[in-house]
Amino acid sequence: MIHALGSIVIRPAHFLFIDETGVLSRDKRQPFFGLGLLRTADTAALSAELHALLQRARGRVHPRFEFKFARIGRRSAWVYRELVDLFFSVPGLGFKAQVLDKRHPGFNPGRNYGGLWEAQIGYTRRLVESALADGAYGVVIADHVTKPRESQLYFEREVRRHPRVLNALMLDSNATLYVQLADVLLGLVVYDCKVRAGVAAPNPVKQEIADHLARRVGVSELCRPHTRRQPPYFGVRLVEPPGGAA
């Protein structure tokens, strides 16, 4: 929908909620780095459903419950099954995951981007570019990542250099349920990557939720390039250095 105000055409902007998992530095314990982006133009229905599920979880699991992939356990498994179903029930949602396998011999973000912080920004900008490839405008709200003191680059300023990014903000994930939803979806994708690569032992409860998500997406495995184009959009991209895609 396009709204016209006199001779000015105003397009409704999408919110782009971004979370990350892992680190870009070399770390054998964390061989994958992932970025996840949740896109929606209307947060109303999603907000109501997320808060309703959150309140039930706080009543039955823990009074300070938050949606976090790392906290998936037997007692909270029902919450995350419902969270996955919620994503597929609310109209207008989309999710993109971008996963990097740091075991690749050519992986060197410091060389390819000039530094780890610059790489973090660069990979985020590529994900945002992909999310706005249809010509939409967006407002980026990302999980907080601390800027190195020696860097002159600010995440928000660099991200909003994109011509269709209206503004950008970083905040702690506990401040927004939308970033927490991105955390869970991304965490399930990267979990599948770790298990299939043999670098993490399967966790029965997390495996159950990952399998549930895969069935809803319509794929046999989450850790492979795929795109579900019918609503809600769900895409996974495996990135190879210095910027190729599998």
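Visitor: Why are α1 and α2 called roughly antiparallel to each other?

Guide: In this predicted model, α1 and α2 pack at an angle of about 175 degrees, with their axes 11 Å apart. Angles over 145 degrees count as roughly antiparallel, and α1 and α2 are therefore described in that way. The residues that meet are Leu46, Glu49, Leu50, Leu53, Arg56, Ala57 and Arg60 in α1, and Trp78, Val79, Glu82, Leu83 and Leu86 in α2.

Visitor: How many aromatic pairs does the structure hold, and why is the pair of Phe17 and Tyr178 called stacked?

Guide: There are nine aromatic pairs in the structure. For Phe17 and Tyr178, the ring centres are 4.7 Å apart and the planes stand at 25 degrees; since centres within 6.5 Å make a pair and planes under 30 degrees apart count as stacked, the pair is stacked. Phe17 belongs to strand β3 (residues 14-21) and Tyr178 to helix α6 (residues 177-197), so this pair ties together parts that are 161 residues apart in sequence.

Visitor: How do you know whether Phe17 is buried or exposed, and what about Tyr178?

Guide: A residue counts as buried under 20% relative accessible area. Phe17, at 3% relative accessibility, is therefore buried, and Tyr178, at 14%, counts as buried too.

Visitor: Why is the pair of Phe65 and Tyr80 called tilted?

Guide: The ring centres of Phe65 and Tyr80 lie 6.0 Å apart, with the planes at 50 degrees. Phe65 lies in the loop between α1 (44-60) and α2 (77-89), whereas Tyr80 lies in helix α2, so the pair ties together parts that are 15 residues apart in sequence. Phe65 counts as buried at 6% relative accessibility, and Tyr80 counts as buried at 0%.

Visitor: Which residues have a charge placed over the ring of Tyr154?

Guide: Lys147 lies over the face of Tyr154, at 4.9 Å from the ring centre, and the charged end of Arg157 sits over the ring of Tyr154, 4.5 Å from its centre. The distance cut-off for such a placement is 6 Å.

Visitor: What makes Gln120 count as buried?

Guide: Gln120, which lies in helix α4 (residues 116-131), has 10% relative accessibility, and with the limit for buried set at under 20%, Gln120 therefore counts as buried. Leaving aside residues up to four places away in sequence, Gln120 touches Glu20, Leu24, Phe33, Leu35 and Val145.

Visitor: Where is Pro232, and what kind of peptide bond joins Pro231 and Pro232?

Guide: Pro232 lies in the loop between β8 (226-228) and β9 (233-240). The bond joining Pro231 and Pro232 is a cis peptide bond, with omega at about -5 degrees.

Visitor: What is the mean pLDDT of the protein, and over which residues is the pLDDT below 50?

Guide: The mean pLDDT is 91, and 93% of the residues reach 70 or more. Over residues 1-5 the pLDDT is below 50, although this stretch has nine contacts in the model beyond near neighbours in sequence.

Key
Residues are numbered from 1 along each chain as its sequence is written. This is a predicted model: local features need pLDDT of at least 70, side-chain atom pairs count only at pLDDT 80 or more; totals for chains, interfaces and linings use all residues. Side-chain values use heavy atoms; hydrogens and water are left out. Rings of Phe, Tyr and Trp (its six-membered ring) pair if their centres lie within 6.5 Å; planes under 30 degrees apart count as stacked, over 60 as edge-to-face and the rest as tilted. Helices (H or I, at least four residues) and strands (E, at least two) are DSSP runs, numbered from the N terminus. Buried means under 20% relative accessible area, exposed over 50%, partly exposed in between (1.4 Å probe, protein chains only). A charge sits over a ring if NZ of Lys or CZ of Arg is within 6 Å of the ring centre and within 35 degrees of the ring normal. pLDDT is the predictor's confidence in each residue, from 0 to 100. Contact means heavy atoms within 4.5 Å. Axes are lines fitted to C-alpha atoms, for helices over the stretch in contact, and angles run from 0 to 180 degrees between N-to-C directions. Angles under 35 degrees count as roughly parallel, over 145 as roughly antiparallel, 65 to 115 as roughly perpendicular and the rest as oblique.
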